[in-house]
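Subject: Structure handover

Hello,

Here is the structure I said I would pass on. Please open it next to the notes below.

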Amino acid sequence: MGVSKQSSGNLKTRVNICLNKLSDRDTLSMATNELEGIARALPSDDFVPFLNCLSTTDSSEKSPVRRQCVRVLSILSAAHGDELSPHVSRMISAVLRRLRDQDSAVRTACVDAISSITTHVTQTPFSVILKPLVDALFQEQDSNAQMGVALCVSAAVDAARGVDVSELRKLLPRVLKLIKKDCFKAKPSLLVLTGSIVNTCCVKNKSLLSSLVYTAVEFLSSEDWAARKAAADVLEKAAATADKDLAAEFKGSCVAALESRRFDKVKVTRETMNQALERWRDVPDVLEEVTSPKGSSCSSSGYSPVLVSKSCSADRGLVTPQFRKVTPTKSSVSSCSSTGRSHKSIVRSDQEKKPCTSKPNMPELRRNFRSRVVPFNFNSDDLDVGYGDSIHEKLGTQTEFEDLSLICDQLLQIENQQSTLLDILQKFIGSSQKGMNSLEKRVEGLEKVVDEMSQDLAIPGTWNYM
């Protein structure tokens, strides 16, 4: 017992000497190496007195001393691992006391210490590490402490191996609610924590994903570039980890929000925005079933619903149908062949009623008119199909024929809309030309009046001198 006390007293003396040397710039490097050596070679019986020595330092000490007292916790965790399991709570408390520090280097050391403890002390349940940090997150009012504890929780979540997803799923709504409160000042750090939670694939329901996306999109327009970057990172992780069917419903709004912010003035934020945008563009569109209309001769002959894209990104012009192969029966072949002939006559009649309105005398106007429609040379004669097995040679399947008809109708509608726009532009150009002609005539009239006045002034005797 006496030997143990003597050993403990010697340890405290050595540690205190190192801490005093840390205050001197000339002996800082030597004291740092000595203190780290003590931490690595420390026997398990001396864990408690060593941690007590580190905890006795306060804010009156110089910054290198405060920083090294936290940094040595990371070295201690990496060197001894699970042997520190009984002392994790004491180590977390030592970190939390330093989170109010004004020096950002000390707070960074706190984040590194939490990450090291979570990584190397694996026998301790994750809740033992998470609970005191979360309690501090919702209680701290100091902005520095808020920033530090949010980053500490984020580091713990990132470093944890056996994280409890259900526990984080309960935590996420509380974090999203906290981030909207004015009392919490460290918004970027809390968004970083949000991204870490989302990265654990805990977002599994629509309401939670909706709240997450709404909050992140709102912070894309923040004045703080760090908040904008963290919000874009949250959206990127949401697109990567959320269920694809759920994510597809938010694709349009996220793509639009990110495209409007993709040219951010801060480079790192701009890069994160573009990465998130590409991630959301890769999310599949929502698919919905489009069934054949009632009374159709083909709907009763085994047509399978056609899946078409419900949402499309801003850089796509047309909705692309997804085809599903269907093996037609003999009855369906005969019924659809008659439908094909009737549709052929409809297409031809529509083409007769709606002549081409393209203006051959306006090449410049057509070239400058930016349309997203890809040219499609469609000949209605190609739709002529025969009976029996020849339908397979012409159209392949009934579903392809129905989809081709749908695409033809869409293209005709778009062509009519383009023609209407061209007519409006032509009328506008015509009226503008008339206005220019009228203005030219008025200018010519004014020039003639000015010439006549100048000639009258140039004739001798015009002026009467008294």
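The model is predicted, so local features need pLDDT of at least 70, side-chain atom pairs count only at pLDDT 80 or more, and totals for chains, interfaces and linings use all residues. Residues are numbered from 1 along each chain as its sequence is written, and side-chain values use heavy atoms, with hydrogens and water left out.

Helix 4 covers residues 63-80. Helices here are DSSP runs (H or I, at least four residues), numbered from the N terminus.

Helix 3 (residues 47-55) packs on helix 4 at about 160 degrees, with the axes 10 Å apart. Axes are lines fitted to C-alpha atoms over the stretch in contact, and angles run from 0 to 180 degrees between N-to-C directions. That makes the pair roughly antiparallel (over 145 degrees; roughly parallel is under 35). F47, F50, L51 and L54 of helix 3 meet C69, V72, L73, L76 and H80 of helix 4, where contact means heavy atoms within 4.5 Å.

The other pair is helix 12 (residues 225-241) and helix 15 (residues 267-281), whose axes come within 8 Å and cross at roughly 20 degrees. Helix 12 is therefore roughly parallel to helix 15. Among the residues in this contact are W225 and R228 of helix 12 and V268 and W280 of helix 15.

Regards

Notes
Helices (H or I, at least four residues) and strands (E, at least two) are DSSP runs, numbered from the N terminus. Angles under 35 degrees count as roughly parallel, over 145 as roughly antiparallel, 65 to 115 as roughly perpendicular and the rest as oblique. The expected span of a helix is 1.5 Å times one less than its number of residues.
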